[in-house]
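Please examine the sequence and the structure shown below. A short report accompanies them.

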Amino acid sequence: MGKHVGRRRCAPGGDQKGAARLFAEADNLRVWHWLNPAWSLEVEDGAHVREVRPQGDTARVPKEQRDKRVIPAAVKRTVLARDGFRCRFCGIPVVAAEIRKIVHRLYPESVPWHSSEVRRQHAGFAVMWLQYDHVVPLSHGGRTAESNLVITCALCNFAKWNNKLKQLHLEDPRDRAPQKMVGYDGLERLGKA
């Protein structure tokens, strides 16, 4: 039988002490300093824009004509199945917020998470936070549909923000096939334990 921690059970035969040590190692200042300048409140909207109005780019769509931002659960499942647990922009492995919450409950000392205090969030889990990006922003007519959504890490999603790929001089990640990691499930197995 697995060891009970809180309301969830750790996986049978799991190395809880080893996992706690590795989670603690992933919460380091180098990772934190790499991540936080990119998504801090001090970074102005549009700070990453290389070209404000690229030739031949799309125009803003009035708010009343924009698609809804909320992504239906079925669409999220389909996009995740297609892309796997890897950012389509940079390729880093990602973990869903629901799984991070489980890990935080299982390992509260090794995986701190205070949603309102960035300095008290686990650096590794902050970097690997699974996001869904509207490649063509809703503000420019993008749809909340599988064809316009990709899995991203928090850093890529927040750095792109509501900018267009042409403005940032980025390639469209949909032009490359998803690179799934064999055997990596985004720690989803912890949600099933």
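The report begins with the basis of the model and then turns to individual elements and residues.

## Basis of the model

This is a predicted model, in which local features need pLDDT of at least 70 and side-chain atom pairs count only at pLDDT 80 or more, while totals for chains, interfaces and linings use all residues. Residues are numbered from 1 along each chain as its sequence is written, and side-chain values use heavy atoms, with hydrogens and water left out.

Helices (H or I, at least four residues) and strands (E, at least two) are DSSP runs, numbered from the N terminus. Buried means under 20% relative accessible area, exposed over 50%, and partly exposed in between, with a 1.4 Å probe and protein chains only.

## Helix α3 and its buried side

Helix α3 spans residues 73–83, and its buried residues are Val75, Val79, Leu80 and Asp83. They lie on the same side of α3, because they cover an arc of only 130° around the axis; the arc is that of the directions from the helix axis to the C-beta atoms. An α-helix has 3.6 residues a turn, so residues three or four places apart point the same way.

The face turned away from this buried side carries the exposed residues Arg77 and Ala81. The buried residues of α3 pack against β3 (131–134) and β4 (149–152), where contact means heavy atoms within 4.5 Å. Just after α3, Gly84 takes a positive phi of about 70°.

## Strands β3 and β4

The strands β3 and β4 pair in the antiparallel sense over 4 bridges; two strands pair if DSSP finds at least two bridges between them. Across this pairing, Tyr132 stands opposite Ile151 in β4.

In a regular strand the side chains alternate between the two faces of the sheet. In β4, Leu149 and Ile151 point one way and Val150 and Thr152 the other, and all are buried.

## Lys160 in helix α6

Is Lys160 buried or exposed? Lys160, found in helix α6 (residues 154–160), is buried, with a relative accessible area of 2%. A polar atom of its side chain lies 3.0 Å from the backbone oxygen of His134.

Not counting residues up to four places away in sequence, Lys160 touches Phe89, Asp133, His134, Val135, Pro137, Leu165 and Leu168.

## Cysteines

How many disulfides does a search of the whole structure find? The search finds 0 disulfides, a disulfide being a pair of cysteine sulfur atoms within 2.5 Å. Cys87 is in no disulfide, and the nearest cysteine sulfur, that of Cys156, is 3.8 Å away. Cys153 is likewise in no disulfide, with the sulfur of Cys156 the nearest at 3.6 Å.

Cys87 counts as buried at 4% relative accessibility, and Cys153 is buried with a relative accessible area of 2%.

## Aromatic pairs

A search of the whole structure finds 4 aromatic pairs. Rings of Phe, Tyr and Trp (its six-membered ring) pair if their centres lie within 6.5 Å; planes under 30 degrees apart count as stacked, over 60 as edge-to-face and the rest as tilted. The rings of Phe23 and Phe125 have centres 5.6 Å apart and planes at 45°, so this pair is tilted. Phe23 in helix α1 (residues 16–25) and Phe125 in helix α5 (residues 123–127) are 102 residues apart. Phe23, Tyr107 and Phe125 form one aromatic cluster.

Phe23 counts as buried at 15% relative accessibility, as does Phe125 at 6%. Trp113 and Trp129 form an edge-to-face pair, 5.8 Å centre to centre with 90° between the planes.

Definitions and conventions
Polar contact = N/O pair within 3.5 Å; in protein donor to acceptor, adjacent residues only side chain to side chain.
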